[in-house]
Amino acid sequence: MSILVLGGAGYIGSHAVDQLINKGYTVAVIDNLQTGHKQAIHDKAIFYEGDIRDKMFMQEVFTKESVEGVIHFAASSLVGESVEKPLLYFNNNVYGTQIVLEVMEEFGVKNIVFSSTAATYGEPKEMPIVETMATHPENPYGESKLMMERMMKWCDKAYGIRYVALRYFNVAGAKSDASIGEDHVPETHLIPIILQTALGQREYLGIYGDDYDTPDGTCIRDYVYIEDLIAAHIAALDYLQKGNKSNIFNLGSNNGYSVKEMLEAAREVTGKEIPAKVLPRRSGDPSKLVASSEKAKMTLAWEPQITDIKQIIKTAWDWHISHPKGYE
Ligand code: UFG
């Protein structure tokens, strides 16, 4: 029996495959390599190159593999791009998930754990964010993830396919031995951009706005360490395999750091000056997003192990200095 990881060549998916294999699971990976990297896939995983929207391809994989559970990371995930190209997001994320569920139903696979996002909430008025708060996504990316959650809810009722939706806050860092890490092209995320600046690959960090309603005027986010985030997926899979009901959990570290605090922490970790310049706000950025992960703690017995932001940045720095050109 194998765990099928969709999007297992991406930043988060590759860390999941690695951790599953190290825990003794048999793992099969599907990835279309559009944003993922073949080199990131653990060599003990069976790799099928293809697209989750290709139903015949998916049926072939489910015929070859005896799938006991699915972990689904295969989605487009850039907020800005989703505003420009909403149909791409509904096609890849929503339609792609529909095909996944159709094939799961056909082959009688009953468990799925998947990446959702804090972007489903929009800009909540209260912090920290709990799962019972209203969802008002403010961009097509967040909307597409909410649609995925809702599709799963109805498939549970109709076919008994149970799901766990994990609403991520800001995923950060790399495996501690720096063998896998974060490599996006183009890169839009704060930590890799700061570290590329530290390496001299960028002239400066552009800080998107310092006039937000926060103590130093820059946006506050909740950074969760990648290996901790993956541990929650394995706990969620176990939760479903024990017969528990479908559920939704936030995954964060309960701590908020501003862009300026992140920059200062990275300066300390790297010992580099890291030039920065304040730029206008980036559209669609909420001022503050901090999770309550109490529910995941109570129900999944999940607790992030590494919450010190410098320690998290250090793992990303080790990856960046050992892979200055990413996986290339
Ligand atoms: N930022 C900068 N300069 C940069 C890059 C980012 O100032 O060059 C700022 C952003 O404005 C934001 C913060 O750093 O305030 C973090 O930005 P990221 O792009 O790293 O992450 P986001 O918070 O925008 O997005 C992340 C995930 C999304 C998810 C969202 C949900 O990448 O997929 O969290 O909260 F939808």
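Residues are numbered from 1 along each chain as its sequence is written. The model is predicted, and local features need pLDDT of at least 70, side-chain atom pairs count only at pLDDT 80 or more, and totals for chains, interfaces and linings use all residues. The average pLDDT (the predictor's confidence in each residue, from 0 to 100) is 97 for the protein, and 100% of the residues score at least 70. For the complex, the predictor gives an ipTM of 0.96 and a pTM of 0.97.

Two domains, with bounds from an automatic or database domain assignment, make up the division of the protein: domain 1 (2–172 + 223–251) and domain 2 (190–221 + 254–322). Their centres, taken over C-alpha atoms, are separated by 24 Å. Contact, defined as C-beta atoms, placed from the backbone, lying within 7 Å, involves 28 residues of domain 1 and 24 residues of domain 2. On the side of domain 1 that touches domain 2, at least two residues each come from helix 3 (79–84), strand 7 (170–172), strand 10 (223–225), helix 7 (226–241) and strand 11 (247–251). Helices (H or I, at least four residues) and strands (E, at least two) are DSSP runs, numbered from the N terminus. Helix 7 gives the most to this side, with 6 residues. The residues of this side comprise 19 nonpolar, 5 polar and 4 charged, where Ala, Val, Leu, Ile, Met, Phe, Trp, Tyr, Cys and Pro count as nonpolar, Asp, Glu, Lys and Arg as charged, and the others, Gly among them, as polar.

The end C-alpha atoms of helix 7 are 23 Å apart, in agreement with the 22 Å that its 16 residues should span at 1.5 Å a residue; the expected span is 1.5 Å times one less than the number of residues. The buried residues of helix 7 include Ile 226, Asp 228, His 233 and Tyr 239. A residue is buried if 20 or more other C-beta atoms lie within 10 Å of its own, exposed if 12 or fewer, and partly exposed in between, with C-beta atoms placed from the backbone. After helix 7 comes Gly 243, with a positive phi near 95°.

Helix 5 (residues 140–159) has 20 residues and reaches 27 Å from its first C-alpha to its last, close to the expected 28 Å. Among its buried residues are Glu 143, Lys 145 and Met 152. Their cover includes helix 3, helix 4 (86–107), strand 5 (111–117) and strand 6 (162–168).

Cis peptide bonds join Met 127 to Pro 128, with omega about -10°, and Val 185 to Pro 186, with omega about 0°. Pro 128 is in the loop between strand 5 and helix 5, and Pro 186 is in the loop between strand 7 and helix 6. Leu 33, although not a glycine, has a positive phi of about 55°. Leu 33 counts as partly exposed because 14 C-beta neighbours lie inside 10 Å.

How values were computed:
Two residues are in contact if their C-beta atoms, placed from the backbone, lie within 7 Å.
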